[in-house]
Each structure stands twice: as C-alpha cells, then as structure tokens.
Amino acid sequence: MDQRGRPAPHEIRRARSENPKMRERDLAAQLGVSEAEFLAAHCGEGVVRVEALANDLLTGLEAVGEVMALTRNDSAVHEKIGVYDKVVTGEHSALALGENIDLRIFPKVWAHGFAVEKRDGDDIRRSLQFFDAAGEAVHKVHLRPGSNLYAYQKLVARLQSADQSPVISVVPAPADPDAEVSGTPTDADALRENWSKLTDVHQFFGMLRKLKLGRRQAVRMVGADYAWPLEAGAVPVMFDRAVAAQVPIMCFVGNRGCIQIHSGQVSNIKPMGPWLNVMDETFHLHLRTDHIAEVWAVRKPTKDGHVTSLETYDSNGRMIIQFFGKRHEGEVERADWRTLAESLPRLAAPVAA
C-alpha cells in the first residue's frame, strides 16, 4: 500500500499478472482503485499517459480512419464502428456528427488519458482511453484492422504527456446530474406549465435545473399525459418489435463526459443472462437489464410536434439508456416509432413520486 492507503503500482501490476484474463475494470474494482489508476500503474509497460484534450483528439482521429468508439456507464456499454468526422470543437461541448460515430462530448470533464497496447496472440490491440477526475471511463477509441496506424502513432505522439508517473490522483465523483434533488417542493403545476412550453428536447435539462428537479422526479410528477411507467421488461419488448417492424431507432448511452448515439435499424438481438446484447455490423450494445429499476415512456413537446422517448433508470434514479425513433432536427416524429412506444406494456400500479 502507498501513503494514501491504496495499492502501489507494483501491487497493481502483480495483481494483473496473477489475473491475466480478468477485465481491467473488474480487477480495478476488486483492488479498490479506479480504472484510470489501474492503467496508470502500467505506464512504461504498454501504457503511455496522454493529455485528456478532447478537442485535439477529435480533430486528430479523422486521419486514423475506421475505429471502434466506446462509451459506457455502470449498466450499459455502447460501441460504434466508423470514422470520426463532421467534428465541431468547443470549450464546453464538442460534437462528432458522422454517419456512424455520433458523440456529444463535455471536454471539461475529461481529466486523464492513456494510449494502451495489449498483446493478443500475434496481434497488438491499441486503444486511447479517457477518464474523468474520479478515474471513471468517459470514452475509449479502439483501433481496427483497417485503421491507419501511422496516423494513430502521430496522434499519440502529439498528445503524449510529459508526466509518465505510474500514480495519478483521483477525487470523489460529483453528484450525478440526474440524481434526485432532496428537499425539492413538489409543484406539479409549475412543472407541467414549463413542460408544456418546451419547443426543443434540448431544453429539457435547462428546465430541470430551473425547477431544481431530478429527471426521474420530473417524469414521476408531471402526469400521465406526458410520462407513464412501463413494465420492467419493456426494453426487450421494444427491441423485438423494432426488429420485427424494421423501425429505425436512436439509442443514447452516456456518462458525465460523453454521450454516444446510434441511429438506425437494429437486427441481431442476443440476450445472455442479465445482458441484452445488440450485435449488428457497426453497432454493439451490452445492457444490464437487471439494473433497470424503472422504465418510462415520455412525451416532450417540440416545435415539430411532441416526440416520444423510452427512458430507463437504475435504483438510484440515474439514467441508464434512452431511446427515440430516428429523426433529424426539424422533422416530425415517425408514426411507426410513436405507435411502438405507446403500445409497450404499461405498469398497472403507479410509481410513487
């Protein structure tokens, strides 16, 4: 143990050598360290520290060509194969708006970065991995066989940090923005009035901040014409019906530092134990259905008519995953998605607000 009472780098490396097949994230949790601390302990042994500069990363990745982008939270892993293009940089938010890789990034949350090489038989797997100040993963980029290795190496060299210490400092994670707000006066009329005046789904978070409400608190409070609870198994049912009717969907998975979006049809659904897996050509999703405590169908007004989302929450009120019908700004909601969402099995008993 080091002076902080945490495993020293050599102890972390030894644990890795003793558990070669265990996932890094799981082994880090077992050791009581963050995933970022676990990787830092391997600096000089296949790991290089890089600056967590989200905008520089986005502008440099296009030359790397086809890669796999991965964004996750504790309950869902969202993977997209494609190219980083149509990049929009920004201090507070940045975007990648490509056909397959569609991201909303919040650069100020990014704190630690690593370039990682892992030997896999005769091959070497390469990735760039980024974490927040608590050491939790915000976004990862994995190279593919067709990736431009030279462009990748140039990008790593450009981002490489002067500090290659095997130890990093992490801080406790801040409160989740979707978490319940204690002591909030329950004013359903004010909520309904503000909700009814929405003209864009992106105004929703601002409304919650104004009213000092958590997202789940709001959907529980607003009334059944805007939000209604669904049975726990509604998400697998939605996937089965979307596949059968070939309804293109939008699937959002995010954390504090990144939101990743899939837009399009889904076809290859593979349940395995508690996991619901989508295994399509350019889109993989791994969802822990046993983490889903509540599912809601939610209507939000827009200038183009209301849009319907499917939202899932864990037992702490945190958003796990969100679905819409595929649409572009300025388009009305697809009728087939609206019909599908409104036909999902509803919860017989109301959820207490």
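User: In this predicted model, at what angle do helix H1 (residues 9–18) and helix H2 (residues 24–31) pack, and is their arrangement parallel or oblique?
Analyst: The axes of helix H1 and helix H2 are 11 Å apart, and the helices pack at an angle of about 130°.

User: Which residues of H1 and H2 make the contact, and how many of them are charged?
Analyst: H1 contributes Ile12, Ala15 and Arg16. H2 contributes Glu24, Leu27 and Leu31. By class, this contact has four nonpolar residues and no polar ones, and the number of charged residues is two.

User: Is the crossing of H1 and H2 left-handed or right-handed?
Analyst: The handedness describes how H1 passes H2. This crossing is right-handed.

User: How are helix H4 (residues 54–61) and helix H5 (residues 149–159) oriented towards each other?
Analyst: H4 and H5 pack with their axes 10 Å apart, at an angle of about 160°. An angle over 145 degrees counts as roughly antiparallel. H4 is therefore, relative to H5, roughly antiparallel.

User: Which residues of H5 take part in the contact with H4, and into which classes does the contact divide?
Analyst: H4 passes H5 in a right-handed crossing. On the side of H4, the contact is made by Asp56, Leu57, Gly60 and Leu61. The residues on the side of H5 are Leu155, Arg158 and Leu159. Taken by class, the residues of this contact are four nonpolar, one polar and two charged.

User: How many aromatic pairs are there, and is the pair of Phe239 and Phe323 stacked or edge-to-face?
Analyst: Ring pairs are counted when the ring centres lie within 6.5 Å, and the count comes to six aromatic pairs. For Phe239 and Phe323, the distance is 5.4 Å centre to centre and the planes are 90° apart. Planes over 60 degrees apart count as edge-to-face, so the pair of Phe239 and Phe323 is edge-to-face.

User: How far apart in sequence are the parts that Phe239 and Phe323 tie together, and are these two residues buried or exposed?
Analyst: Phe239 lies in helix H9 (residues 234–245), whereas Phe323 lies in strand E18 (residues 319–325), so the pair ties together parts 84 residues apart in sequence. Phe239 has 0% relative accessibility and thus counts as buried. Phe323, at 0% relative accessibility, also counts as buried.

User: What separation in sequence does the pair of Phe252 and Phe324 span?
Analyst: Phe252 and Phe324 form an edge-to-face pair, 5.6 Å centre to centre with 65° between the planes. Phe324 counts as buried because its relative accessibility is 10%. Phe252 lies in strand E11 (residues 249–254) and Phe324 in strand E18, so the parts tied together are 72 residues apart in sequence.

User: Which residues do ring pairs link into a cluster?
Analyst: A cluster is formed through ring pairs. Its residues are Trp195, Phe204 and Tyr226.

User: Where does Lys86 lie, and is Lys86 buried or exposed?
Analyst: Phi of Lys86 is near 50°, a positive value in a residue other than glycine. Lys86 lies in the loop between strand E3 (76–82) and strand E4 (87–88). Its relative accessibility is 59%, so Lys86 counts as exposed.

Note on methods. Residues numbered from 1 in each chain as written. Predicted model: local features only at pLDDT ≥ 70, side-chain atom pairs only at ≥ 80, totals over all residues. Heavy atoms only, no water. Axes fitted to C-alpha atoms, helices over the stretch in contact; angles between N-to-C directions. Helix = DSSP H or I, 4+ residues; strand = E, 2+ residues; numbered from the N terminus. Parallel < 35°, antiparallel > 145°, perpendicular 65-115°, else oblique. Left-handed = near helix turned anticlockwise from the far one by under 90°. Contact = heavy atoms within 4.5 Å. Nonpolar A, V, L, I, M, F, W, Y, C, P; charged D, E, K, R; others polar. Phe/Tyr/Trp six-rings, centres within 6.5 Å; stacked < 30°, edge-to-face > 60°. Buried < 20%, exposed > 50% of the residue type's maximum accessible area, 1.4 Å probe, protein only.
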